[in-house]
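Keep the sequence and the 3D view side by side.

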Amino acid sequence: DFSVVTEVVTHKLNHIPIFKGDFSSLPPKVQRFVAEKAELMNPAGIYICDGSQKEADDIIDKLVERGVLTPLKAYENNYLCRTDPRDVARVESKTFMVTKEKYDSVCRVPEGVKGIMGQWMSEEQFGVELDARFPGCMNGRPMYVIPFSMGPIGGPLSKIGIELTDSSYVVLCMRTMTRMGTKVLDSLGDNDFVRCIHSVGLPRPVRQKVINHWPCNPEKVLIAHRPKEREIWSFGSGYGGNSLLGKKCFALRIACNIGRDEGWMAEHMLIMGITNPEGKERFVAAAFPSACGKTNLAMLEPSVPGWKVRVVGDDIAWMKFNKNDGRLYAINPEAGFFGVAPGTSHKTNPMAMESFQKNSIFTNVAETADGEYFWEGLEKELKEKRGYNDEELKHLEITNWLGERWHIGDAGKSAHPNSRFTAPAGQCPIIHPKWEAPEGVPIDAIIFGGRRPEGVPLVYESFSWEHGVLIGSLVKSEATAAAEYTGKQVMHDPMAMRPFMGYNFGRYLQHWLDLGKAPHKAPKIFHVNWFRETSDHKFLWPGFGDNIRVLDWILKRVDGVEDIAEKTAIGFIPKRGSVDLSELPRINWNELMSIPKHYWEEDVVESRQFLQAQVGPDMPKVLYDQLDQLEKRVKEM
Ligand code: PEP
Ligand code: NA
Ligand code: MN
């Protein structure tokens, strides 16, 4: 009953002013959400975001004045943000799923084994943690109300969330990464939404030193999800994956729960359209762990003439089988790119470079004295741009991500290894014309991959959907800087979802198996490895634009071309000569494609141990059957 709601709300907001927007025009459910949480967190006032350019400009002006953002003068509307150096990555150890039943969240792993596919927190414990953080946590700060849509507003696959935050950096980034503002509220009406609550966790008056004008509370970080309630509570960190709650928290952890309930999938995948020289376009989705080059692959510039790649998404795919034609359709729920900056250059990803020449935010990168961004991987193009010799390049004045004077060749890195660009997807010159198609694009192949220096060939194709799901469940990769891990050890990252899993991983695998059954036309599943090395640690494959040669083979297989594949123990691999290697420097094909029996014997044993330890009795039997068959084929090699 609207009148009752309004009364209650008005009462609750009595002592909290509205800084901007019209509270009474919010849908009643949103009013109640805002009022309840304002009551809890006690902000200085409420700022309802409309999503307009003027609003963004006003916020930017204020942040520049306060020193939170620095204009990068070499570009139009580009800004640098330096965070507290303790707040630079996702914090997986503080990330939890909160459910009544433990095993709704995590697998029944054997006694004594630490589960890696998500962490569970009881409702009771969550209540305690919440009480220790959120009451009064926005004291003295504005509370921004961000209505946002994941996916095109009103689309059949899209979902709406409301994020409450005390970080204006979050407002700016959410405006780029999602469709944000009043239009979303119009579309929402009185429907439900995902409730997102974020606080940097440092109420005023602040008793500790704020570093780089970046309030945060590293000791008390908590990223908690209540999937049943469709609710996210994030405290203490302003970093992307912890604070832009539409992204990993909603579009993966919460959405995979919604997808399970509603019969679709939320995956850590890029989506790209690939047009061959004959003009035929196909779409593929690819899952790689963080920092394996999803963004680079999605925006690849083909080295072979006649091919065209266009990006639909670079990080997340929401996919649903269509009732009419049985095919799998995917949307990119995001509206921007939140990409790893270091390593991005005109050589490795020219289209990403074009995407962030304006209207972008750079977090924890370095800056040249001329107001350009800088990071590892840009040395060569900067040298060429300036026409410098090596000596001149070394004297170039750079301010590193910590705000210190720095020169090329100095110790340490200029930019944090997990420094990021936040750029509107629409600015990418090769954004696909259908990237905002509400119904999505039809997916013909799913590709898994990881950084595998050893043992794993450039590409192989699964024998069936079930075999493909097993391959996905066994994805491994070298560790990345995107979370708190260090070093180069190869880690399991099943389906590239390890850090983003929102419910019991065994049930998630079963959901995949179920969805691949007829009448659904399941896409073919492949595995790629761009990162295989020689024994003296040189890459065997050039990667980047040359990956089109592998995609060419994959798409021929999708089209049913048979005489290009050879059956091996692990899957179909390209017959010699069926991947176009023309114009490439010499490729050691034998080493690149070899399937060492000894390596795979050990890998199968390790895989079984992993699945038994980490999925345990929740592992679908069909997949153990697939593993048995793989083991048998490897033995017979
Ligand atoms: C993130 O940390 O916000 C993020 C996008 O992570 P990743 O690059 O690991 O996907
Ligand atoms: Na800062
Ligand atoms: Mn990602």
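Start at the manganese ion (ligand 3), which is coordinated at 2.1 Å by Lys248 (NZ), His268 (NE2) and Asp315 (OD). Donors here are N, O and S atoms within 2.8 Å of the metal, or 3.2 Å for Na, K and Ca; water is not among the atoms, so sites may look incomplete. Along the sequence, the donor residues follow the spacing K-x19-H-x46-D. His268 sits in the loop between β13 (265–267) and β14 (270–275), while Asp315 sits in the loop between β16 (308–313) and β17 (317–321); this pair links distant parts of the chain, 47 residues apart. Helices (H or I, at least four residues) and strands (E, at least two) are DSSP runs, numbered from the N terminus.

Buried means under 20% relative accessible area, exposed means over 50%, and partly exposed lies in between (1.4 Å probe, protein chains only).

A word on conventions. This is a predicted model, in which local features need pLDDT of at least 70 and side-chain atom pairs count only at pLDDT 80 or more, while totals for chains, interfaces and linings use all residues. Residues are numbered from 1 along each chain as its sequence is written, chains are lettered from A and ligands numbered from 1 in the order in which they are written, and side-chain values use heavy atoms, with hydrogens and water left out.

Which residues are the protein donors of the sodium ion (ligand 2)? They are Arg82 (O) and Asn212 (O), lying 2.1 to 2.3 Å from the ion. Arg82 lies in the loop between β4 (79–81) and β5 (95–98), and Asn212 in the loop between β10 (194–199) and β11 (222–226), so the pair ties together parts that are 130 residues apart in sequence. Arg82 counts as buried, at 16% relative accessibility. Asn212 is partly exposed, at 27%.

Step back to the whole chain. It has 19 helices and 32 strands. Its radius of gyration is 25 Å, close to the 26 Å that the globule rule gives for 637 residues, so the chain is as compact as a globular protein of that length. The radius is taken over C-alpha atoms, and the rule is 2.2 Å times the number of residues to the power 0.38. The C-alpha atoms fill a box of roughly 75 × 60 × 50 Å along the principal axes. Buried residues make up 61% of the 637.

Contacts also span the sequence. Of those between residues at least 6 apart in sequence, 74% join residues at least 24 apart. Contact means heavy atoms within 4.5 Å.

Tyr79 gives a local example. This residue is in strand β4 and counts as buried, at 12% relative accessibility. Tyr79 and Ser360 are 281 residues apart in sequence, yet 6.5 Å apart in space, C-alpha to C-alpha. Leaving aside neighbours within four places in sequence, the contacts of Tyr79 include Ile60, Leu69, Ser360 and Phe362.

Now take Leu130, in helix α5 (residues 123–131). Leu130 is buried, with a relative accessible area of 12%. Beyond neighbours within four places in sequence, Leu130 is in contact with Leu40, Pro135 and Trp233. Leu130 and Thr182 are 52 residues apart in sequence and 30 Å apart in space, C-alpha to C-alpha.

Finally, look at the backbone. Most residues other than glycine have a negative phi, and most peptide bonds are trans. Asn77 has a positive phi of about 60° although it is not a glycine. Asn77 is in the loop between β3 (69–71) and β4 and counts as partly exposed, at 24% relative accessibility. His537 has a positive phi of about 60° as well, and is not a glycine. His537 is in the loop between β30 and α16 (548–558) and counts as exposed, at 63%.

Two cis peptide bonds complete the tour. One joins Arg204 and Pro205, with omega about -5°; Pro205 lies in the loop between β10 and β11. Another joins Ala518 and Pro519, with omega about 5°. Pro519 lies in the loop between α15 (505–515) and β30 (524–528).
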